Amino acid sequence: MTGPADGKTIKDADSLEVAPGFAHEKLEGWVPELAGEEEVRQALEKAFDYRGDVTITRKDGSTVEGYIFDRRSGKTLADSAVRLFPKDADQKISIPYSEIAALTFTGRDTAAGKSFEAWVRKYWEKKAAGEKNIGIQAEALE
Amino acid sequence: MPVPISQMWTVASYVVKQKLAGRKRYPLVLMLEPLFRCNLACAGCGKIQYPAHILKKELTPEQCFRAVDECGAPMVSIPGGEPLMHPQIGKIVEGLVARQKYIYLCTNALLLKEKIDLFKPSKYLTFSVHMDGQREHHDFSVCREGGYDAALEGVKEALRRGFRVTTNTTLFDGADPNSVREFFDEMMELGVEGMMLSPGYSYDKAPDQKHFLGRARTRKLFRAILSNRKKTWQFNQSPLFLEFLMGERHYACTPWGMPTYNIFGWQKPCYLLQDGYADTFKELMESTAWQEYGTESGNPKCANCMVHSGYEASAVNDTFSSLRGMFATAKATLFTRHKDEHALKLLNETVRPVHSYNPLVQIEEASGQLEETNA
């Protein structure tokens, strides 16, 4: 979370004309280096914010691909954990940071390339081509 | 038709009970998200950016009932995703009606005509139909041409069958206040019970990160829209919250007022932000670092927020906190006009969104000069 704990605060929110919005890094396919504790924490924070699946390789060699929906940060890596829904299971699982050997952003970023501008551009292009019922279709659930 | 007295009484007596019990933090509306799947893909929405296996998941009716019982709030809002896509939505609503909860089923209404036989009219059930303004504005906002007409058909059918129907409208930077006011006329003529309004929130997971109002613009826009009101307009919201949107009141955020439950659990800290999940409602209330949220905390993720899920509960709490609050609510309920010469002038200003590439102001030519008689 980018919150007060990070020291990044907005003091005069009442005078804001427009919300600053969030910039998203291109993380799809990224394999962060988990060299030390700080790298592990930063990478898993990014995985928590990511809009797609990630693959975690445990130190015992097993892997799990899924969506990280929660992380609980403790004082040590052993008492910090990510919680995720594995891609192929219905039960939530929890993995301590200390058991994670590798992390890969394997899933597609589900919001990338879908900006309002992209929609407007598409709309006018299709309109100019004489198309009707123009819209962004919800994605098929493969 | 106004909000039923039984609903007002239920909410009022619930809040008074919380006050008498000395509860500093209490839920007012449970935001129950039974699924994230949706049949729209609005660019400004931050609720549906999940991999397919997450979008396929849904809460069971039993999970919904457990959450409702655990939370204890007198009202339950069912957003999503699109709740009408849930295969057991009829059973979920039936169970909540049996628990005498006042339900706002938030829908884009694309499926309302098709699914309406699943429901029975009840004072406990309201279809809260997502309508982001007049036809072109709504269609652009939901990224679907024809979305407005389909929703309108659903609204008409629900009204014809005797259901309670409200609209809920989210406004973004570039919204034309004159068009919004005309939209209010259209909705009231249609016969909806009332309207709900909110500025859009810039979800950090949403594809669109550019068209969200900052607080200064939000107050200016809502002052233009909600001043010089017509008597026919009915709002299904706290009148003090509307005054907050107009910049006439200041409230601190009450993120616990509308707690959210979905397939991940109890969402920390509120309906809009996802900063983790608790497994129980008790854990949510006890383990969330509430002081780190709300505009007053300086948290940048809360900086532009004036959304009902954070501030309407604050307004309701204000009503019941003192005689002054009661009096202000009575006054705001009885005297709704809010005559304001400056706001009339705002209606004559050209809409200038911060980001120029915004079609909402290109669709229609600006309305002619307004005089007070138009208001």
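Two strands count as paired if DSSP finds at least two bridges between them, strands (E, at least two residues) and helices (H or I, at least four) being DSSP runs numbered from the N terminus. This is a predicted model, so local features need pLDDT of at least 70 and side-chain atom pairs count only at pLDDT 80 or more, while totals for chains, interfaces and linings use all residues. Residues are numbered from 1 along each chain as its sequence is written, with chains lettered from A and ligands numbered from 1 in the order in which they are written.

In chain B, strand β2 (residues 75-78) has parallel partners in β1 and β3. Three bridges tie β2(B) to strand β1(B) (residues 29-32), with L30(B) partnering V76(B). Strand β3(B) (residues 102-107) is joined to β2(B) by four bridges, and here V76(B) sits opposite I103(B). Getting from β2(B) to β3(B), the chain passes through helix α4(B) (residues 89-98) in a right-handed β-α-β crossover (clockwise from first strand over helix to second, with the strands pointing away from the viewer).

Side chains in a regular strand alternate between the two faces of the sheet. On β2(B), M75(B) and S77(B) point one way, V76(B) and I78(B) the other, and all are buried (20 or more other C-beta atoms within 10 Å of a residue's own; 12 or fewer is exposed, in between partly exposed; C-beta atoms are placed from the backbone).

Over in helix α8(B) (residues 177-190) lies M187(B), which is buried because 23 other C-beta atoms fall within 10 Å. Setting aside neighbours within four places in sequence, M187(B) is in contact with M131(B), T167(B), V192(B) and M195(B) (contact being C-beta atoms, placed from the backbone, within 7 Å).

Key. Contact = placed C-beta atoms within 7 Å.
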